[in-house]
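This note sets out comments on the fold and on a few individual residues.

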Amino acid sequence: MRILYVEDEKYLADAVKYNLEKQGIDVDYAADGEEGLNKAVSDIYDCIVLDIMLPKLSGIEILERIRKRGIGVPIIMLSALSEVEDKVKGLDSGADDYLAKPFKTVELAARIRALTRRPVVVKGDKYCFGDLVYDNRQKSLNGELLTAKEADIIFELIKADGKLVQKEFLLNKIWGGEVYGEDNYIEVYVSRLRKMMKKIGVEAQIKTSRGLGYRLVK
Ligand code: CA
């Protein structure tokens, strides 16, 4: 899971990022409203956490622009306890949740998890597609343990529910865009996943759309 965190108080941002990453939530950080909006519109995030008082563009403005573009990502707004009006405004503008500062990172992590639970959840942390069962807590596929990257890839494919998942999207989301032009990486992991699925004996398959990406078929 990868989230975007827009916050101008660097010391706070560093601490929150550190603590969220310890809990398995990858964090991309933006220090002002403009940078935040630029990153947000890439639409690769599972959740966006927006401080309201920000340089250049406020959290509310970012929120409004994200929603205007039809991006439905879950958004959590942050602001100081005294700013009740901000809370109302944020929720009115399409935020999904609100957290008052100061907050505990465990609380933020819990809210992020609650908002990113997808409708494909069958039970607890299990996600299904056809006869595939992915356990996001164990990071296993039909009981077989996966490496972190294999788990990230199959999770994205299962969430897409048979729709095409672009290679570029996977690279940005899983590798954080740090490996431009290295789509061989994905090929390697996909081929390992295919071998594993064959070994498990499931009927679901990962299909390649050449040059574009992958999708699951039942
Ligand atoms: Ca601020």
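1. Among contacts between residues at least 6 apart in sequence, what percentage join residues at least 24 apart? In this predicted model, the figure is 56%.

2. The protein contains 8 helices and 13 strands. Its radius of gyration is 18 Å, close to the 17 Å that the globule rule gives for 218 residues, so the protein is as compact as a globular protein of that length. The C-alpha trace spans about 55 × 35 × 30 Å along its principal axes.

3. Of the 218 residues, 45% are buried. The accessible surface comes to about 11,400 Å², and carbon and sulfur atoms account for 49% of that area. As to charge, the protein carries 36 positive and 36 negative charges, whose mean positions lie 7 Å apart.

4. A disulfide is a covalent bond between the sulfur atoms of two cysteines. The structure holds 0 disulfides. Two cysteines may be described individually. C47 has 0% relative accessibility and counts as buried, whereas C128 is partly exposed, with a relative accessible area of 24%.

5. Helix α7 deserves a separate comment. The helix covers residues 167-175, and its buried residues are K167, L170, L171, K173, I174 and W175. An α-helix has 3.6 residues a turn, so residues three or four places apart point the same way. The cover over the buried residues of α7 includes β1 (2-6), α6 (148-160), β11 (165-166), α8 (184-200) and β13. Just after the helix, G176 adopts a positive phi of about 65°.

6. Leaving aside residues up to four places away in sequence, K173 touches R2, I44, Y45, D46 and E156.

7. G213 belongs to strand β13, which runs over residues 213-217. With a relative accessibility of 1%, G213 counts as buried. Not counting residues up to four places away in sequence, G213 is in contact with L164, V165, Q166, K167, K207 and T208. The C-alpha atoms of G213 and F169 are separated by 8.8 Å, although these residues are 44 apart along the chain.

8. Most residues other than glycine have a negative phi, and most peptide bonds are trans. The bond joining K101 and P102 is a cis peptide bond, with omega at about 0°. P102 is in the loop between β5 (97-101) and α5 (105-116).

9. Which phi values do K56 and N142 take? K56 is a residue other than glycine with a positive phi near 75°. K56 sits in the loop between β3 (47-51) and α3 (59-68) and counts as exposed, at 59% relative accessibility. N142, likewise not a glycine, has a positive phi of about 45°. N142 occupies the loop between β9 (140-141) and β10 (144-145) and is partly exposed, with a relative accessible area of 28%.

Note on methods
Residues numbered from 1 in each chain as written. Predicted model: local features only at pLDDT ≥ 70, side-chain atom pairs only at ≥ 80, totals over all residues. Heavy atoms only, no water. Helix = DSSP H or I, 4+ residues; strand = E, 2+ residues; numbered from the N terminus. Rg over C-alpha atoms; globule rule 2.2 N^0.38 Å. Buried < 20%, exposed > 50% of the residue type's maximum accessible area, 1.4 Å probe, protein only. Contact = heavy atoms within 4.5 Å. Areas by Shrake-Rupley, 256 points an atom, 1.4 Å probe, with all protein chains shown as cover. Lys, Arg positive; Asp, Glu negative; His and termini not counted. Charge placed at Lys NZ, Arg CZ, Asp CG, Glu CD. Disulfide = S-S within 2.5 Å.
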